[in-house]
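Here are my notes on the model you sent. Please read them with the structure open beside you.

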Amino acid sequence: MNEQIVEIREIKGMYWAIASESFNTIFCYLTVFGSVFLLFLNELNVPEQRIGLLLSFFPFFGIIAPFLSSYVEYAGSKRVFLSCWLTRKIIVTFLLLLPLIINKFGYNVGIIYLTVIIMVFAFVRATAETAYYAWLKEFVPDQLRGKYIALGSTFASTAGLLAIFFASYIIGKGSGIERYMLTIGIGCIAGFISVFLMSFVPGGKPAREKELSFNIKKVLDPLKDKNFINFLCGIGFGIFGLSLMVFLPIFAKEKLSFLPGHIVFLDNATILGFILTGFLWGHLGDRFGGRPVIITGLLIYCLVPLFWLFLPRGEIFLFQIALALYFIAGSTQVARTVGSYRIMYAGIIKNSETIYYTSIYYAWIGLAGGFAPLFAGYTLKILSDFHFQLSYITFDAYSILFMINFLCQAGAIIFLRKVKSDKQFTTRELFFKLAQYIFEHQ
């Protein structure tokens, strides 16, 4: 009977978490993540290498996660998460003062002010997500993990779709920096609602029976797990390559001559990819396990950087092609999430070691994701004069990034093939089942 009550509480908690994630997605798209923020920085004439530095703060601060693991376990993952999640929303509201700072104190002071806000935000975000990854193990049962991610992705993506429609309309109709202030303000309101909803999720209690101490040996103990190391290498390659695409909005503006409103609209294709394929990937993850799903997603995604690389930039249907590539990227992102979470939570981590595995995982993806925008920004600066035309195909600094992304995804597949799956199915069996299903339903 007690087990039934616990299970009902967990399922209710999942729904509260999904609702919270939906509002948080609105916050993300309208503030410091996605195309809106890139175009906002571009409007301020921030150089690409400085943009790369600012964007690198978000993942880079993840390296503090292992050093926070003992504190999070002692204080309680729920308490740490909620306090930091609320604080980060408050920090973003200070961006609303940016036009005033620039007008009163000048451009350079405004950029310093912006940089400080992003750094503090990134630190608080890293602390919150360190707690979240540990808490997630508690309130989502392993047998429902794929469905939870699929359901969460669908609702969050729908909310994001509405946010992007709103942002594209405001940015397309308005002019100047003020239009971005409106989107940031609306995003902050959604962020505060997100924190309130997450407070109803159960679990994440303090481990007060344990002494508060930092034991580096215990923190690094997961690195002795060879299976975990192969998993980290695969995920690291994939995230590094994917994060190189962070400059796509600027590429679309400068090289493809897309209007800002249209560039923001492209994010809708990514979100539709989430919505239309989320339940499929979630079902496949619970049925076949994480490894076949993530490898299948990576194989499909490999087409995206190749198409960007060889895309004729004078093509009449250029915007439609861009929409298709954004859609594929979005749909395969769900496969990455479902696959990696199932491998880690249902296959690698034991309950007693959750915080130590998740903190190292978060630190590692922070390093991989942090170096990528830095590398991309300086590559675009150093190779800004590189240009080579072959028939209708243009090769420039962006082409280098697309090629590296493709190679990184190939490297990710090689390492993830060595990881033990949480279920005894191979990628080949998944392809066979999919082909059989398609054949039977023709």
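1. Aspartate 286 and arginine 342 are both buried, where buried means under 20% relative accessible area, exposed over 50%, and partly exposed in between (1.4 Å probe, protein chains only). The two residues form a salt bridge, with their closest N and O atoms 2.9 Å apart. The term stands for a side-chain nitrogen of Lys or Arg within 4 Å of a carboxyl oxygen of Asp or Glu. Aspartate 286 belongs to helix α13 (residues 260-288) and arginine 342 to helix α16 (residues 318-348), so this pair ties together parts that are 56 residues apart in sequence. Helices (H or I, at least four residues) and strands (E, at least two) are DSSP runs, numbered from the N terminus.

2. Before going on, note that this is a predicted model, in which local features need pLDDT of at least 70 and side-chain atom pairs count only at pLDDT 80 or more, while totals for chains, interfaces and linings use all residues. Residues are numbered from 1 along each chain as its sequence is written, and side-chain values use heavy atoms, with hydrogens and water left out.

3. How many salt bridges does a search of the whole structure find? The search finds four. Side chains of opposite charge can pair when their charged atoms come close. Glutamate 43 sits in helix α2 (residues 35-43) and arginine 179 in helix α9 (residues 178-198), so the pair ties together parts that are 136 residues apart in sequence. Glutamate 43 counts as partly exposed because its relative accessibility is 31%, whereas arginine 179, at 11%, counts as buried.

4. Aspartate 221 and lysine 224 also meet through their side chains in a salt bridge, at 3.2 Å from N to O. Aspartate 221 has a relative accessible area of 36% and is therefore partly exposed. Lysine 224 reaches 65% relative accessibility, so lysine 224 counts as exposed.

5. The chain has 19 helices and two strands. Its C-alpha trace spans about 65 × 60 × 40 Å along the principal axes. For 442 residues, a compact globule would have a radius of gyration near 22 Å, and the chain agrees, with 22 Å; this radius is taken over C-alpha atoms, and the globule rule is 2.2 Å times the number of residues to the power 0.38. Of the 442 residues, 57% count as buried. Among contacts (heavy atoms within 4.5 Å) between residues at least 6 apart in sequence, 88% join residues at least 24 apart.

6. Which residues have the most contacts inside the largest nonpolar core? They are Phe139, Tyr148, Phe231, Trp308 and Tyr361, in a core of 146 residues. Helix α7 (residues 107-139) gives the most to this core, with 17 residues. A nonpolar core is a set of buried Ala, Val, Leu, Ile, Met, Phe, Trp, Tyr and Cys residues joined through side-chain atoms within 4.5 Å.

7. Tyrosine 361 lies in helix α17 (residues 354-382) and is buried, with a relative accessible area of 5%. Beyond its neighbours within four places in sequence, tyrosine 361 is in contact with residues including Phe228, Phe231, Tyr341 and Met344. Tyrosine 148, leaving out residues up to four places away in sequence, touches Met14, Ala17, Ile18, Tyr132, Leu136, Phe139 and Val140.

8. On the surface, Leu86, Ile90, Phe94, Leu97, Leu100 and Phe192 form a nonpolar patch with about 510 Å² of accessible area together. Phenylalanine 94 is in the loop between α5 (77-93) and α6 (98-105), and counts as partly exposed because its relative accessibility is 41%. Patches are made of residues with over 30% relative accessible area and no salt bridge: like charges are joined within 9 Å, nonpolar side chains (Val, Leu, Ile, Met, Phe, Trp, Tyr) within 5 Å. Accessible areas come from the Shrake-Rupley method with a 1.4 Å probe; for residues, only the protein chains shown count as cover.

9. Finally, the backbone. Most residues other than glycine have a negative phi. Asparagine 45 has a positive phi, near 60°, and is placed in the loop between α2 and α3 (48-60). Serine 257 also has a positive phi, near 60°, and is found in the loop between α12 (248-254) and α13.
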